[in-house]
Amino acid sequence: VTHSIPACIGSMTINSKQLDNESPVSVFAVNKCYVTVQDGTFFDGSGFAALVREGYKVRSDVNITLEFRTTAVHGVLLGVSSAKVDAVGLEIVNGKVLFHVNNGAGRITATYEPRGTNSLCDGKWHKLQANKSKHRISLIVDGNVVQTDNPYTQSTSADTNNPIYVGGYPADVKQNCLTSKSSFRGCLRNLVLTKGQQADLFDFSRAFDLRGVFPHSCPRAEH
C-alpha cells in the first residue's frame with residue numbers, strides 16, 4: 001500500500017499509553033476530523049493536488065467534468081500545460097468561471113458569468129463541464145451553456161505533456177492557460193477527464209503531490 005488511508009483515526013494507544021494527537025513531532029497532510037462530512041476533497045486555499053506524474057496529453061479532444069463548492073471569488077480549478085504555449089485551464093476569477101485553451105496558435109476563452117458576483121461562491125455545490133473538441137470549446141455551468149468562436153481554426157491539438165494540477169500549482173511551474181495564482185479554497189468532487197471512450201475518474205488520495213489538500217472528506221461548513 002503506497003497511499004494514505006482516507007479516514008479519521010482517534011484515541012490511539014500503544015502499550016496502554018495514549019498518543020498525543022495535539023502536538024505531533026511531525027505532521028503531513030493531516031487535517032482535523034469533522035463531526036459531519038460530505039463526499040469530496042477539501043482544499044484549504046494554500047496548495048494543490050498534482051496528478052499524472054508522467055504527463056497528461058490533451059491533444060485534440062477532452063471533456064472535463066467536476067463539481068465544486070467555494071465561498072471564494074478567485075481560485076484555480078485545473079491546469080494542464082506544456083513547455084510551449086499549448087495548454088488548457090479552468091479557473092474562477094471575480095466569481096466567473098473561465099475555460100482557456102491554447103492549441104498553439106493563441107489562447108481562447110469561454111467565460112461563464114453568473115448574474116451575481118457571489119452566485120457561484122455561495123458554498124453550495126455547482127456542476128461544471130468544459131469541452132474541447134479540436135478548435136471548438138464550450139463551458140457548461142449548472143446547465144448554462146457558453147460557447148466561443150475560435151479564430152485559429154487550423155490549430156486543433158493542445159500538445160500538453162505536464163501533470164494535471166488541481167486547485168493551484170507550484171510557484172516554479174508554468175501554466176500557460178491560467179491567469180490566476182490563487183489556490184482554490186473549498187471542496188471538489190467527481191473530477192473526470194474523458195477522451196473518446198476513455199473516462200478517467202481521479203482519486204485525490206492517489207495524487208503524487210498533495211499540499212493543503214485533504215482527500216475524501218469535506219466539512220459541511222468551512223472552518
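**Links and contacts in the chain**

Analyst: This is a predicted model. In it, a disulfide joins Cys187 to Cys218, with 2.4 Å from S to S.

User: Which parts of the chain does that pair tie together?
Analyst: Cys187 belongs to strand β14 (residues 185-195) and Cys218 to strand β17 (residues 218-219), so the link ties together parts that are 31 residues apart in sequence.

User: Left-handed or right-handed?
Analyst: The link of Cys187 and Cys218 is left-handed, with -140 degrees about the S-S bond.

User: Are those two cysteines buried or exposed?
Analyst: Cys187 and Cys218 are both buried.

User: And what about Cys121?
Analyst: Cys121 is in no disulfide. The nearest cysteine sulfur is that of Cys187, 14 Å away. Cys121 has a relative accessible area of 8%, which is under 20%, so Cys121 counts as buried.

User: How many disulfides is that in total?
Analyst: The count comes to one disulfide.

User: What about Cys177, buried or exposed?
Analyst: Cys177 is buried, at a relative accessible area of 0%.

User: Switching to rings. How many aromatic pairs are there?
Analyst: There are four aromatic pairs. One of them is Phe42 with Phe214, which is stacked: the centres are 6.4 Å apart and the planes are at 25 degrees.

User: Where do Phe42 and Phe214 lie?
Analyst: Phe42 is in strand β4 (residues 41-51) and Phe214 is in strand β16 (residues 209-214), so this pair ties together parts that are 172 residues apart in sequence. Phe42 and Phe214 are buried.

User: What about Phe43 and Phe184, how are their planes set?
Analyst: The planes of Phe43 and Phe184 are at 80 degrees, so that pair is edge-to-face, and the ring centres are 5.9 Å apart. Phe43 lies in strand β4, while Phe184 lies in the loop between β13 (164-166) and β14, so the pair ties together parts that are 141 residues apart in sequence. Both Phe43 and Phe184 are buried.

User: Which rings make up the cluster?
Analyst: Ring pairs link Phe43, Phe184 and Phe204 into a cluster.

User: Back to the strands. How do β4 and β16 run, parallel or antiparallel?
Analyst: β4 and β16 run antiparallel and are joined by five bridges. Phe43 stands opposite Val213 in β16. As for cover, five of the six residues of β16 are buried.

User: Now the charges. How many salt bridges?
Analyst: The structure holds four salt bridges. Among them is Glu67 with Arg189, whose closest N and O atoms are 3.1 Å apart. Glu67 is in strand β5 (residues 61-70) and Arg189 in strand β14, so the pair links distant parts of the chain, 122 residues apart.

User: Buried or exposed, that Glu67?
Analyst: Glu67 counts as buried, at 11% relative accessibility. Arg189 is partly exposed, with a relative accessible area of 22%.

User: What ring does Arg189 lie over?
Analyst: Arg189 lies over the face of Trp125, 3.8 Å from the ring centre.

User: And what does Arg206 bridge to?
Analyst: Arg206 forms a salt bridge with Asp203, the closest N and O atoms being 3.7 Å apart. Arg206 is exposed, at a relative accessible area of 57%, whereas Asp203 is partly exposed at 27% relative accessibility.

User: Last thing. What does UniProt list for residues 38-218?
Analyst: An unreviewed UniProt entry lists residues 38-218 as "domain: Laminin G". Over those residues the chain is 0% helix and 51% strand, and the end C-alpha atoms are 5 Å apart.

Technical notes
Residues numbered from 1 in each chain as written. Predicted model: local features only at pLDDT ≥ 70, side-chain atom pairs only at ≥ 80, totals over all residues. Heavy atoms only, no water. Disulfide = S-S within 2.5 Å. Helix = DSSP H or I, 4+ residues; strand = E, 2+ residues; numbered from the N terminus. Buried < 20%, exposed > 50% of the residue type's maximum accessible area, 1.4 Å probe, protein only. Phe/Tyr/Trp six-rings, centres within 6.5 Å; stacked < 30°, edge-to-face > 60°. Lys NZ or Arg CZ within 6 Å of the ring centre and 35° of its normal. UniProt positions renumbered as here; feature names shortened; annotations may be inferred. Pairing = 2+ DSSP bridges. Salt bridge = Lys/Arg side-chain N within 4 Å of Asp/Glu carboxyl O.
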